[in-house]
Amino acid sequence: MKLEKGRIGLKGTVLIMIGYIYGSTAILSPGVGVGQDAWVAQTIGLGLALIVVWVNTLLLARFPGQTFIEINERVFGPYAGKFISLLFLWYIFHLGSIVLIDHLDFVRLMIIPLTPAEVVVFLGILPCIYAAYKGLEVIVRTGQVLVVFTLLYFGLITLFQVQSYDFANFKPFLVTPFPKLAWAGLTAASFPYLETVVFLMILPFLNQQNKVRVAVYLGLFFGGLVVIWSIMRLILVLGDTAVNYVYPSYYAVRIINIAELLNRFEILAAMNYIMIGFLKVTVLLYAAGLGWAQLCKCQDYRPLLLPLGALMALVSLNNFEHVVGNFEFTTQVYSIYALPFSAGLPFLVLVGAWVRGLPGKVKNK
Amino acid sequence: MILFYGMLIYSALREMPRYIKRKDWRGGGIFAFFWLTALAISIYMSLGFKRPLLNRIIYNFIKEMFPFITKLS
């Protein structure tokens with residue numbers, strides 16, 4: 001029984017993938033720790049990710065129209081398959097809780113500092129639950145509007161910051177020691193590019209299954225370009241001082257002041273961060289809900305979304321003691337934590353399918 | 001936290017009768033699992049106990065296992 005009857009188009013999928021990739025990097029600006037070489041680290045990360053997601057596309061080409069949970073069960077059988085699915089679902093769920101608190105910490109610290117965290121998180125998760133409840137088509141249609149708005153904002157800010165650009169900030173070029181740069185590249189690959197592993201739950205609903213690879217590579221490439229340009233913009237505007245700020249991209253927008261007339265653009269930045277965070281959390285919540293329903297062979301995934309969303313919000317409140325802990329986790333250990341899930345699990349399943357000769361000869365097309 | 005209790009009560013009142021009507025015990029079981037876990041965490045947090053800080057535990061574990069990352073990051 002198909003739990004999701006909706007179908008999504010190529011354009012919408014590429015757009016939500018761009019929004020998903022840009023999601024948390026809009027706030028956390030990964031890689032600023034390696035200073036002016038951060039954009040190089042991001043480029044290395046994108047290159048690594050473009051190679052690794054090839055595994056995901058191979059998997060989806062072998063099992064068209066099936067989600068990762070269904071593929072696991074087919075390849076490894078009911079017990080081992082369910083165990084691998086549980087690991088995958090834990091990662092999606094935990095990632096959702098991290099992304100939720102990333103964005104809502106920003107709201108709490110920068111916009112409404114006196115409001116209790118519980119209230120902010122509760123109000124943040126509600127629209128995500130509602131959107132996930134409405135189904136994949138609604139998420140993609142909403143995502144298209146939000147991502148287009150985000151890209152317009154991005155273009156506008158890029159234009160208005162031209163006066164603050166200092167190209168000398170890129171110098172000296174490549175002074176970061178290679179091991180440190182490679183590590184930053186690996187971190188960049190795992191956050192945000194390889195987080196797109198969650199699309200193994202969404203791409204099976206693409207209406208043109210022969211274009212899955214095109215969707216993945218277009219989404220990843222353009223999402224990567226947006227992230228790399230946002231990091232380059234930070235270096236151009238803030239230079240070495242970017243590392244001193246909790247939210248460097250927000251501060252970079254705050255300093256825009258054109259003839260004392262065009263200023264205070266940070267409200268646009270805040271709106272943009274909230275919208276893009278909503279999109280990312282919704283995609284993760286939807287994938288987790290659908291995955292659990294498929295894993296347990298439920299008749300419907302939607303009733304699970306409310307308690308699962310509440311659980312995601314509650315776990316997000318128990319992730320870090322403060323925002324600095326969040327940064328330490330993301331920049332130092334996240335890649336080691338995430339890579340086995342985001343790159344290891346699809347690779348394991350692909351090897352399993354290859355060894356067992358699956359899908360073999362199937363009657364349906 | 002009262003908001004979370006409200007959310008959980010609403011979801012139980014809304015969904016449990018549907019599960020019973022459809023006789024979807026498997027779905028009802030997984031729903032109850034999430035619901036009870038969320039309720040347990042809500043009660044734990046309401047009582048003001050020290051938060052377990054999941055990511056801090058993962059962070060400390062990985063730092064112990066792979067000490068080289070301190071130099072690299």
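In this predicted model, α3(A) and α9(A) cross with a left-handed sense. The helices involved are α3 (residues 68-111) and α9 (residues 266-295), both of chain A. They pack at an angle of about 155°, and their axes lie 8 Å apart. Angles over 145 degrees count as roughly antiparallel, so α3(A) and α9(A) are roughly antiparallel to each other. The contact of α3(A) with α9(A) has 21 nonpolar residues, six polar and three charged.

Helix α9(A) also packs against α10 (residues 302-317) of chain A. Here the angle is about 125° and the axes are 10 Å apart. That angle makes α9(A) oblique to α10(A). The crossing of α9(A) and α10(A) is right-handed.

Which residues meet in the contact of α9(A) with α10(A)? From α9(A) come A:Leu285, A:Ala288, A:Gly289, A:Trp292 and A:Ala293. From α10(A) come A:Leu304, A:Leu305, A:Leu308, A:Gly309 and A:Met312. By class, eight residues of this contact are nonpolar, two are polar and none is charged.

| Helix pair | Angle | Axis distance |
|---|---|---|
| α3(A) and α9(A) | about 155° | 8 Å |
| α9(A) and α10(A) | about 125° | 10 Å |

Chain B comes next. Its secondary structure comes to four helices and zero strands. From the N terminus on, the order is α-α-α-α. Chain B has a radius of gyration of 19 Å, well over the 11 Å that the globule rule gives for 73 residues, so chain B is more spread out than a compact globule. Its C-alpha trace spans about 60 × 30 × 15 Å along the principal axes. Of the 73 residues of chain B, 22% count as buried.

How many residues of chain B are in contact with chain A? There are 35 residues of chain B in contact with 35 residues of chain A. On the chain B side, the elements that give two or more residues are α1 (2-22), α2 (25-46), α3 (54-65) and α4 (69-72). Helix α2(B) gives the most, with eleven residues. The chain B side that touches chain A divides into 21 nonpolar, six polar and eight charged residues.

In short, α9(A) packs against α3(A) in a left-handed crossing and against α10(A) in a right-handed one. Chain B, with its four helices, touches chain A through 35 residues.

Terms used. Residues numbered from 1 in each chain as written. Chains lettered and ligands numbered in written order. Predicted model: local features only at pLDDT ≥ 70, side-chain atom pairs only at ≥ 80, totals over all residues. Contact = placed C-beta atoms within 7 Å. Nonpolar A, V, L, I, M, F, W, Y, C, P; charged D, E, K, R; others polar. Axes fitted to C-alpha atoms, helices over the stretch in contact; angles between N-to-C directions. Parallel < 35°, antiparallel > 145°, perpendicular 65-115°, else oblique. Left-handed = near helix turned anticlockwise from the far one by under 90°. Rg over C-alpha atoms; globule rule 2.2 N^0.38 Å. Buried ≥ 20, exposed ≤ 12 C-beta atoms within 10 Å, placed from the backbone.
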